[in-house]
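Hello,

Here is the structure I promised to pass on to you. Please have a look at it first, and then read on for what turned up.

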Amino acid sequence: MEAGVDAVGRNRTDQAGGTGPLPAELVLGATPVLKEPRLLDGRLFWLEQLPAQRGRTTLRLRTRTGAELELTPELDLRSRIHGYGGGVYCVARKSAGGGTGADERGNDSRSMADLRADERPAEGEHPGHAPLGSWTEGPTVVVVAEGGRSLWRLDLPDDPGNVPLPAPVRLTPASDAQHDGEPALFGDGLIDPARQRWIGVCEHNDRDRLVSVPLAGGTPQVLWESPDFCGYAVLSPSGCHLAWVSWQQPCMPWDRSVLWLGRFDAGGALTDVRPIAGSTPGPGQAISVFQPLWAGPDLMVAGDRSGWWNLEMLENAVSLSPEAAPEWRPLLPMQAEFAMPQWVYGMRTTAWDGQRLVAACCRDGRWELGALVPTGDGAATAADTPGADTPAALAETTNPGQRDGASEAASPSDPPAPASSSGALRGALRWQPIPLPFDDLAALDAQDGRVVAIASGPVDGPGLLELTLQRPCRQKRRAETLADSPEEALQQPAEAWLEDLPVAWTHRPAVPALLAPDQISRPEPLRFTGHGGRPTHAWYYPPRDGAGPASPLLVRGHSGPTGMARTGLSLAIQFWTSRGWGVVDVNYGGSTGFGRAYRERLDGLWGVVDVDDCLGAARAVVEAGHADPDRIAMEGSSASGFTVLAAMARGDTLRAGAIRYPVTDLTALAECDHRFEARYFDALVGPWPSARAIYEQRSPLQQADRIHAPLLFFHGLDDTVVPAQQSIAMVERLKARGVPVELQLFEGEGHGFRDGAVQRQVLERSEAFFRERFGLGAGG
């Protein structure tokens, strides 16, 4: 869409038919999921997960001329590394002198569909040294496919819209030919153009390794063997240094993790490898680090040694001698989070465009986009209120209908700006927000004055947000052009932004608008007293037609449990509010986005703090006169399904529940072989097996005699994370006691339903189940 038009469409009627309830078929199973946008020399790459194709993920490209095309129509770009994946592609320009296009043999320029069957790469065939592409101008892309078991190279022409795309080239041997037993899984890679190789993570035999794979194809070579987990590697601009993150059980990456720095020797091996930030399991302060990032010779990372994931910089990291102690400088101390829990690879909240540092930060549960800019007064500062500092003109104004592939600051044909942070980050800094009608941001990237992210807001569904930034310069402060806060920004029509702000941005949603703005229930912050009398946070969505003491209420707990309730437009929430329900989405103790102390409230108390907080949020809504205490239901999945069951065993606040693939037996799950979360419960419940008694006491299966309200269960028969037997055993125990209970099992579904038809069935049956139990009329 063009800047100035909301993703939901200003002044439109909704596709659900005016003011009626939002149909399930428009809510689930129809919207592509956008992931991991990246910029390169005026081109935009991104991933799309396609529900209509059973969740197949493909790579798309918008060229510098604006043409869009699918680059991987024959592949499913998905990695099962660590069970959650992410980081399934990387892209880089050719190195000087032709780089990956220098091979004189060239590469077949026909598409995969044009190749005869005997010309295509055989499934089990070792690629040997696959011919490098003949395209000397276009970028090189490496993708992860076959669930993470293989790497493929794409050699793109400079203008892919005018010539057929070359066939993907397999870089790694097929898994059954490479290993006996469990296959190696790849992910989270980058391209090392000078040495013509891919560098990334290989998970095999219960351990991560940093490996390299030649871009011509071949066997992975180990660069560094992690003691347990590793990833998030970044190559210095000179190509001489590599930084990456590791973590060890029993800690999760958001508990304790370590930042490493190494140098490449003449043969391309890592040397002088040393830890430079963070902490390992054991005594001493717990520190987690997130997303290392180079800005010229300087290295940035988000670390929480202050109690908040704040940005820090190691100046001239490339010159750090092996014996010297690293001296990290906090860039901008503030009570805000510049990081997320590292469940998947590919997460990015900070980007260096060659001239300035752009970041997304979370304050009070909302994300905002901004830049770190010099203060000029010698002191680093942060606004007391988000958005209170008026930014200088960061972005240049363009025609509202314009959709440029690159900003005037750096045309696609210009050489990239020098990647040096000197003068930009070396002095005192302040946070300069960029007010936008989006407060849910992820996957940030920037290059040469352009910024891209996945963004959504209370009335905007997830989409590709693109901004054009102006070259840094001193300009007159324009306080009159800015809203006082992001909340005011969200209330202003998009048209006003283009008239008043020196910002050029576009936002293209994943799907066209489904609801008019006046048909959308917007999140309202709810602060209430939670576990232990501590202030706790939630988002309350009133029924579309207004709340009252007779309104039904749906309580939601986010998954994880390490995660947060976000504010971007959720059609699943609007499904309920359009039917007269209020929804309270709880950031219970243990949630991210509120600092380490808030995150650690759940330590040792999973099934206690989260339950108290969810029930406290429900009571707060009732006490405000916005809900009927006899019509409170709760829904959840996986970890939050556990919270639903534990809350229902606490008393009669909840009158019904609907849960998907819930944890019902902690002892059985503690003995599971899911490597990434194998020791997760040590922090949430207690050390296993010495704390077995606590596991048994907190397991909903052992509390079934205290549950009396009706329950609806959904589970996939192929679930290997939380096996379906967990639901089956719980349902049998509840049935034996005469509790109204229903179980639906789905063949071919695992942990997280991928089939759109199944997703719709689950939503529709949940709504009907609650309606029947609460005596509500059709549609609420």
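In which strand is Asp585 found? Asp585 sits in β32, the strand of residues 582-587. Helices and strands here are DSSP runs (H or I over at least four residues for helices, E over at least two for strands), numbered from the N terminus.

Before the details, a word on how to read everything. This is a predicted model, so local features need a pLDDT of at least 70 and side-chain atom pairs count only at pLDDT 80 or more, while totals for chains, interfaces and linings use all residues. Residues are numbered from 1 along each chain as its sequence is written, and side-chain values use heavy atoms, with hydrogens and water left out.

The overall picture

The protein chain has 780 residues, of which 61% count as buried. Buried means under 20% relative accessible area, exposed means over 50%, and partly exposed is in between (1.4 Å probe, protein chains only). There are 13 helices and 36 strands in the protein chain. Its accessible surface comes to about 28500 Å², and 49% of that belongs to carbon and sulfur atoms; the areas come from the Shrake-Rupley method with a 1.4 Å probe, and for residues only the protein chains shown count as cover.

Contact means heavy atoms within 4.5 Å. Among the contacts in the protein chain with a separation of 6 or more, 66% are between residues 24 or more positions apart.

On confidence, pLDDT is the predictor's own score for each residue, from 0 to 100. The average over the protein chain is 84, and 80% of the residues score at least 70. Over residues 96-130 the pLDDT is below 50, and this stretch has 80 contacts in the model beyond near neighbours in sequence. Residues 383-419 also have a pLDDT below 50, with 93 contacts counted in that way. Where pLDDT is low, the predicted coordinates should not be read in detail.

Setting aside residues up to four places away in sequence, Asp585 touches Ala538, Trp539, Tyr541, Arg556, Ala565, Arg566 and Ile573.

Its strand, β32, is also part of what covers the buried residues of α7, along with β29 (524-529), β30 (535-541), β31 (553-557), β33 (632-637) and α8. Helix α7 covers residues 609-623; its 15 residues reach 21 Å from first C-alpha to last, close to the 21 Å expected at 1.5 Å a residue. That expected span is 1.5 Å times one less than the number of residues. Because 11 of its 15 residues are buried, α7 is largely enclosed by the rest of the structure. One of them is Cys614, which counts as buried at 1% relative accessibility. After α7 comes Gly625, with a positive phi near 80°.

Gly738 follows α12, and its phi is positive, near 80°.

Ile707 lies in the loop between α11 (692-698) and β35, and counts as buried at 0% relative accessibility. Leaving aside neighbours within four places in sequence, Ile707 is in contact with Leu645, Met648, Ala649, Met730, Leu734, Arg737 and Val739. Ile707 and Val739 are 32 residues apart in sequence, yet 7.7 Å apart in space, C-alpha to C-alpha.

Arg60 and the cysteines

Arg60 is found in β3 (residues 56-62) and is buried, with a relative accessible area of 19%. The residues that Arg60 touches, not counting those up to four places away in sequence, are Leu44, Phe45, Trp46, Glu48, Glu68, Leu69 and Glu70.

Finally, the structure holds 0 disulfides, taking a disulfide as a pair of cysteine sulfur atoms within 2.5 Å. Cys90 counts as buried, at 9% relative accessibility.

Best wishes
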